[in-house]
Structures are given as C-alpha cells and as structure tokens.
Amino acid sequence: MTELKIRAVTAGYGRDTVLDSVDLTVTQGTTTAVLGGSGSGKTTLLRIIAGFHRPIGGEVSVGGRTVAGPGVWVPPERRGIGYVRQDGGLFPHLSIAGNIAFGLPRPRHRHRARVLELLDLVGLPALMADRRPDQLSGGQQQRVALARALAPRPGLILLDEPFSALDSGLRAATREATARALRAAGATAVLVTHDQGEALSFADEVAILDAGRFRQVGHPTDIYREPVDAEVAGFLGDAILLDGTAIEGTVSCALGTLPVQDGTPDGQVLVMVRPEQIALTRAGSGHLDATVRAVSYFGHDAVVELDGIGGTPSRPVVARVLGQHAPRTDERVGLSVAGPVRAFPVGPSAAQPPTGTAPLTETAPR
C-alpha cells in the first residue's frame with residue numbers, strides 16, 4: 001500500500017496554466033475520485049502522477065519517494081504505478097492471460113497462477129484466460145485492464161474515466177467489481193471522472209477540481225451535505241437554491257421556516273434544499289400546497305417538478321420521491337421539507353471562497 005502526496009503542483013501547456021498550485025493527499029489503501037468538467041485539469045493531473053507530463057513546479061511523491069519535483073523526474077516505467085485507460089487498451093493479438101501477464105517478468109507463461117488469481121479478483125471466470133479481447137464484453141475488457149494494472153502489484157492505481165464508454169447496466173456492474181477488487185488488493189487508487197454519481201458512490205474521498213484548483217476535498221457524504229458554496233452544491237448533484245433570511249438557527253424562504261445547519265450567520269442567504277429532502281403528502285394536510293407541473297419517472301424513483309407554492313420561489317422546485325409514490329401531472333399535493341438545510345450568506349456578509357479555489361466553469365478540454 002502506498003500514499004500519494006501532491007504538493008503545490010503547477011502545470012500547463014505553452015503559456016496556458018492548467019493546474020495552479022494544487023495540493024492533494026491520497027491515504028494508502030483508499031480511493032480518491034478527482035471530479036471535474038471539461039477543462040478542469042483532471043486529466044493533466046493524472047498524466048503528471050503517471051509520469052507522462054512534467055509539472056512546471058511543485059512535487060509528487062508515491063510511497064514517500066519523490067517522483068517529480070525540483071531536479072527530480074522518475075520516468076513512468078520506474079514509478080510502480082498501474083494505469084487503466086478509458087478504452088482499456090488491451091492488446092488484440094494477445095489472449096486475456098497474455099494481456100494480464102504483459103507487465104510481469106518473462107517468460108510470462110510461468111505466471112499462470114497469478115493470472116488466475118487476478119481473474120478471480122476482478123470477478124471473471126478462469127475459462128476466460130485463453131480468450132481474445134474481442135470475445136469479451138466492454139465491461140469484461142475493463143476488468144481485464146484492471147487485472148493487468150494490478151498484476152505487478154503496483155503501489156498506486158490510476159483510473160482514467162474507465163467506465164464512461166460503457167452502457168448504464170455494464171457501467172454499474174463494472175464499477176462495483178472494480179471497487180471490490182481494489183479493496184481486496186488493498187490498493188491505493190485515483191479515479192478521474194466527470195460523473196458526480198460515480199465519484200460519490202465509488203470513492204472514499206472526492207476532490208472537486210475546477211479551473212486548475214481544488215474547490216473542496218472530503219468524504220462524499222460531507223461534500224454532498226455540506227458543499228462550500230452554492231456553485232459546488234449545484235455541481236455535485238441536484239440542488240434547489242432559494243432566496244431566504246436566516247435568523248437564530250432558522251431560515252425563512254418560499255418553502256417556509258426551516259431549521260438551518262449550525263454556524264449559519266444571520267442575514268440574507270441562499271438556501272440549498274436537495275430534492276430528496278422534500279416529502280409529498282395529500283393537499284391540504286397542513287403543509288404547503290403545490291401543483292405538479294411535470295413528472296420524470298425512472299421506475300425506482302421519480303423527479304417531480306412543482307409550481308404554485310406560496311411565496312412564489314424565484315427558482316424551480318423539484319422533489320425526488322419513490323417511484324411508487326409518484327403523483328400525476330396537474331395534481332395538487334402538499335409538501336414538507338426535512339431539515340436542517342444548508343444556507344450560504346450573500347451580499348457583503350458572504351464568506352470568501354477558500355484559498356486556492358475558483359468559480360466552477362466550463363473551458364476548453366484538457
């Protein structure tokens with residue numbers, strides 16, 4: 001197991017700065033998801049860790065060994081890092097066994113036991129060892145790519161959006177199999193992704209990267225429930241944002257007077273409510289009433305767009321409910337909010353963003 005440390009890393013291409021003095025620590029045996037949109041710098045960060053791109057400044061260490069820094073540059077093949085690409089990158093002319101054993105000392109046929117061990121680790125049957133990559137599904141190919149990366153027992157595994165090319169069913173199954181394999185191997189891993197749900201469900205820690213800076217790093221639950229600002233709240237899942245006024249532990253907004261999280265200063269605020277915090281009941285049951293304007297039904301759950309709420313919210317209000325409880329369009333319903341809610345100060349009293357942060361934006365891909 002190996003700890004990854006990134007300290008004040010700055011990098012770019014020509015005159016363009018892509019990473020601006022970023023810091024990140026990935027504790028040994030854990031997985032960190034670097035989450036960001038196009039142009040955030042996440043792929044550049046992964047390339048620097050792997051040894052494919054030299055930073056302008058800063059330091060990268062793997063297992064206490066500096067691999068990039070002032071006067072230090074360890075080539076990729078000597079870093080002890082496994083790398084899983086988006087497309088898997090399997091060799092079509094080699095068998096599955098040949099692919100998995102590719103990075104092991106020759107003669108590779110002597111590593112049959114290790115190959116079978118890794119196939120079992122990633123949830124594939126031993127009989128697949130002698131097949132070719134084109135005889136496997138996309139999800140199975142990605143599992144083989146992970147097995148190949150784990151074969152030399154690297155100190156660190158890098159996952160470059162490895163599930164993005166798979167359909168939804170394969171994506172979920174492959175992601176779960178990958179997470180189990182990484183835990184079983186005790187591997188330290190970094191996942192780069194633009195998928196918020198993937199980052200939250202897969203990783204022990206999520207690092208939100210935008211415009212070359214980390215906006216927030218922490219446990220998935222903490223970041224989802226307590227984002228540092230409204231922009232991060234909206235980026236990391238659905239968020240209802242409403243104007244409100246905070247007074248002594250409560251906030252008044254279009255959804256009523258709600259308990260607010262500890263530490264919220266009195267004054268004008270932007271209230272964040274997650275759709276799953278809104279419960280729907282019978283109209284006239286003592287809660288606020290609203291009219292259902294649209295329903296997006298997904299079977300297991302449904303997203304309900306609401307209108308006609310007292311106080312006339314300045315932003316859309318949606319609720320996420322179990323599919324079996326989905327109302328019908330134009331139905332009148334009651335609603336209540338499960339608190340406490342998160343609120344962000346606005347105006348002169350608003351807190352300044354943490355040092356090293358930047359607005360969430362979309363820029364040219366990197």
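The following exercises, with worked solutions, concern a predicted model of a protein.

**Exercise 1.** Determine the strand order of the open sheet of five strands, and identify its edge strands.

*Solution.* Begin with the order, which reads β2-β1-β4-β5-β6. The pairing in this sheet is antiparallel. Next, look for strands that pair on one side only: these are β2, covering residues 16–26, and β6, covering residues 72–73. Hence β2 and β6 are the edge strands.

**Exercise 2.** Describe how strand β1 is joined to strand β4, and state which residue of β4 is the bridge partner of Ile6.

*Solution.* Locate the strands first: β1 comprises residues 4–13 and β4 residues 57–62. The two run antiparallel and are joined by five bridges. Within β4, Val60 is the bridge partner of Ile6.

**Exercise 3.** Characterise the protein as a whole by its secondary structure, extent, burial and charge.

*Solution.* Count the elements first: the protein has 21 strands and eight helices. Its C-alpha trace spans about 75 × 50 × 30 Å along the principal axes. Turning to burial, 46% of the 366 residues are buried, where buried denotes under 20% relative accessible area. The accessible surface amounts to about 17,200 Å², with 49% belonging to carbon and sulfur atoms. Finally, consider charge: there are 36 positive and 37 negative side chains, and the centres of these two sets lie 11 Å apart.

Note on methods
Residues are numbered from 1 along each chain as its sequence is written. This is a predicted model: local features need pLDDT of at least 70, side-chain atom pairs count only at pLDDT 80 or more; totals for chains, interfaces and linings use all residues. Side-chain values use heavy atoms; hydrogens and water are left out. Two strands pair if DSSP finds at least two bridges between them. Helices (H or I, at least four residues) and strands (E, at least two) are DSSP runs, numbered from the N terminus. Buried means under 20% relative accessible area, exposed over 50%, partly exposed in between (1.4 Å probe, protein chains only). Accessible areas come from the Shrake-Rupley method with a 1.4 Å probe; for residues, only the protein chains shown count as cover. Lys and Arg count as positive and Asp and Glu as negative; His and the chain ends are not counted. The place of a charge is taken as NZ of Lys, CZ of Arg, CG of Asp or CD of Glu.
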